[in-house]
Amino acid sequence: MPLWVAIVMLVVLQRPSQQAGLATLIAAIGSTLLFPVFRLFPGQLLLALVKGLATSLSVFYVLFPSLLLYYLLKSVDGMSLLGQGIARLVPERDLQVLLLVIGFAPFAESVSGFGVGTILVIPLFLALGYSSAQSAILGILGQMAVPWGGLAIGTVLGAEITNLDPSILGSTTALLTAPLPVVYGLVALAVSGGKKSVQRRWPEAIAAGVLLTIGVWGFSWIPGVELAGVLGSTLVMSFLVVWANRKLFHKLFHKLFHKAKRKRTVNLVNSARNSSEKTAHDSAEHGITKVSLGQVIAPYGILTAILLISRLVVPLKIWLKSHFVISIAAINLNLPLLYNPGFYLLLTALATVTILGTVVHKLRVITRQAWQQFIPGAIALACFLAASQVMQASGMIASLGMAAATLGDKYIWVAPWLAALGGWITGSNTASNALLSQLQQEVSIQSGLPLQWLMGAQNGASAHATMISPARAIIAATAVGWSGAEVFLLRQMGLVVLGAVAVIMSLLVLAVP
């Protein structure tokens with residue numbers, strides 16, 4: 001009932017996310033009152049609601065600082081400058097889309113998780129001139145390209161619960177999702193430029209998608225699943241930048257050895273200078289404080305650097321995860337304040353105030369703008385996550401899983417869909433794996449189906465469905481600044497997710513004898 005209410009409210013009736021979230025929560029609570037098998041005592045119900053709010057805190061901690069950073073840069077027309085910087089780095093428009101969807105967005109999500117990749121990449125599409133609808137869709141496609149989350153936390157957790165090697169689970173997930181990055185690259189071209197873009201750049205989309213799949217699969221083994229998404233997406237970005245500038249690289253190479261003329265290089269420099277001058281002129285006309293491209297890039301460089309340091313320097317990582325932690329076991333709250341990506345977004349936002357300098361006098365207005373955009377999404381998120389906790393505590397989700405497990409070896413056709421349902425309900429691959437991994441293991445024992453492949457399907461399908469969960473759709477809608485966009489995204493991207501789960505199911509059936 002709660003799931004149907006969510007689908008009807010968001011997809012059929014197209015109600016705002018706050019109303020849909022509240023209705024879903026009421027349906028979940030009502031189900032515990034109407035059906036004795038799912039009955040919760042008042043204390044149990046209150047505990048489930050508080051757990052949902054506790055889960056929301058981690059998302060809130062990321063979402064508000066990211067909005068603050070966005071509005072700081074927007075106040076100086078920084079996003080437009082950043083878009084122009086990307087245009088100079090990769091001049092061809094279709095290749096810019098592939099760079100962001102198959103490269104930068106998966107990189108950002110793989111480093112930080114929590115939907116940070118969506119928040120960072122959507123403003124870049126807006127700055128490049130894409131509509132709000134296109135930007136939101138392209139942002140979600142980028143999340144789906146490598147849905148590993150922050151350093152594959154969900155993958156590692158699923159492996160620990162089922163006693164699998166994380167590298168085996170990561171590589172199996174990569175195999176079951178192998179065709180999907182190529183598909184997302186082609187879909188991104190179709191969304192951004194239509195049929196002509198697909199016809200013009202399909203070889204590059206296929207090459208980038210294949211490279212990402214091979215990279216994620218290979219890096220899952222060496223150095224390990226935690227860095228597979230980071231390194232795989234870096235490989236794609238490097239390829240696309242070199243490919244986009246291959247003529248320039250060829251001329252520079254030719255000049256180095258044969259003293260060729262520098263005409264092309266000079267033209268590029270002049271073009272960049274003219275573009276910068278035009279931006280400065282436009283900014284002056286609209287009363288926007290002039291800043292340099294370096295000042296705009298600096299916050300993203302700082303954010304990437306401190307995130308990587310906090311994740312890759314093991315002693316520091318251990319210290320950050322064990323100090324200044326808000327931990328309340330009764331409500332499953334474990335919020336490491338210094339390790340969560342929100343802390344680094346907040347540090348970056350504060351650094352941005354110093355870097356830009358002139359925004360100090362506008363800080364109160366900027367903070368209010370970010371807060372006003374944050375509140376509606378925060379309310380909806382809290383309602384959906386609370387409903388998820390009520391369904392889990394009452395045994396509704398476990399009942400769905402137990403019913404599916406009675407299928408025996410035919411369960412192989414159902415496993416990816418159950419995993420997707422878990423991801424869509426919880427809005428987190430980590431939460432879905434925590435919820436369903438033991439079930440997948442038990443079914444493997446009872447039916448003889450190989451656990452490695454069941455968990456690969458669990459991990460991949462859950463992660464994909466997570467990206468279009470109500471919680472993630474709200475984050476994307478908030479990032480694009482479009483009230484009601486979550487309804488549009490669920491309708492448009494829902495079919496893409498269903499298709500992705502169908503691909504995972506088909507490959508799973510082929511892989512398991």
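How close do the axes of H21 and helix H23 come, and at roughly what angle do they cross? The axes of H21 and H23 (residues 485-511) come within 9 Å and cross at roughly 175°. The structure is a predicted model, in which local features need pLDDT of at least 70 and side-chain atom pairs count only at pLDDT 80 or more, whereas totals for chains, interfaces and linings use all residues. Residues are numbered from 1 along each chain as its sequence is written, and side-chain values use heavy atoms, with hydrogens and water left out.

Helices (H or I, at least four residues) and strands (E, at least two) are DSSP runs, numbered from the N terminus. Axes are lines fitted to C-alpha atoms, for helices over the stretch in contact, and angles run from 0 to 180 degrees between N-to-C directions. Angles under 35 degrees count as roughly parallel, over 145 as roughly antiparallel, 65 to 115 as roughly perpendicular and the rest as oblique. H21 and H23 are therefore roughly antiparallel to each other. In the contact (heavy atoms within 4.5 Å), Trp453, Leu454, Ala457, Gly460, Ala461, His464 and Ala465 of H21 meet Val497, Ala500, Val501, Ile504, Leu508 and Ala511 of H23. By class, the contact of H21 with H23 has eleven nonpolar, two polar and no charged residues; here Ala, Val, Leu, Ile, Met, Phe, Trp, Tyr, Cys and Pro count as nonpolar, Asp, Glu, Lys and Arg as charged, and the others, Gly among them, as polar.

Helix H21 (residues 451-466) also holds Gln458. Gln458 is buried, with a relative accessible area of 0%; buried means under 20%, exposed over 50% and partly exposed in between (1.4 Å probe, protein chains only). Not counting residues up to four places away in sequence, Gln458 touches Ala419, Ser432, Asn433, Leu436 and Gln440.

For H17 and helix H22 (residues 470-480), the axes come within 9 Å and cross at roughly 175°, and these helices are therefore roughly antiparallel to each other. Gln373, Gly377, Ala380, Leu381 and Phe384 in H17 meet Pro470, Ala471, Ile474, Ile475, Thr478 and Ala479 in H22. The contact of H17 with H22 has eight nonpolar, three polar and no charged residues.

Rings of Phe, Tyr and Trp (its six-membered ring) pair if their centres lie within 6.5 Å; planes under 30 degrees apart count as stacked, over 60 as edge-to-face and the rest as tilted. By this rule the count comes to seven aromatic pairs. Phe239 and Trp243 form a stacked pair, at 6.3 Å centre to centre with 25° between the planes. Both lie in helix H11 (residues 228-244), four residues apart, about one turn of the helix. Phe239 is partly exposed at 24% relative accessibility, and Trp243 is partly exposed at 33%. Trp371 and Phe374 form a tilted pair, at 5.4 Å centre to centre with 35° between the planes. Because Trp371 and Phe374 are three residues apart in helix H17 (residues 363-394), about one helical turn separates them. Trp371 is partly exposed at 45% relative accessibility, whereas Phe374 is buried at 6%. Ring pairs link Phe60, Phe64, Trp371 and Phe374 into a cluster.

A charge sits over a ring if NZ of Lys or CZ of Arg is within 6 Å of the ring centre and within 35 degrees of the ring normal. The charged end of Arg93 sits over the ring of Tyr130, 4.2 Å from its centre, and that of Lys321 sits over the ring of Tyr339, 5.2 Å from its centre.
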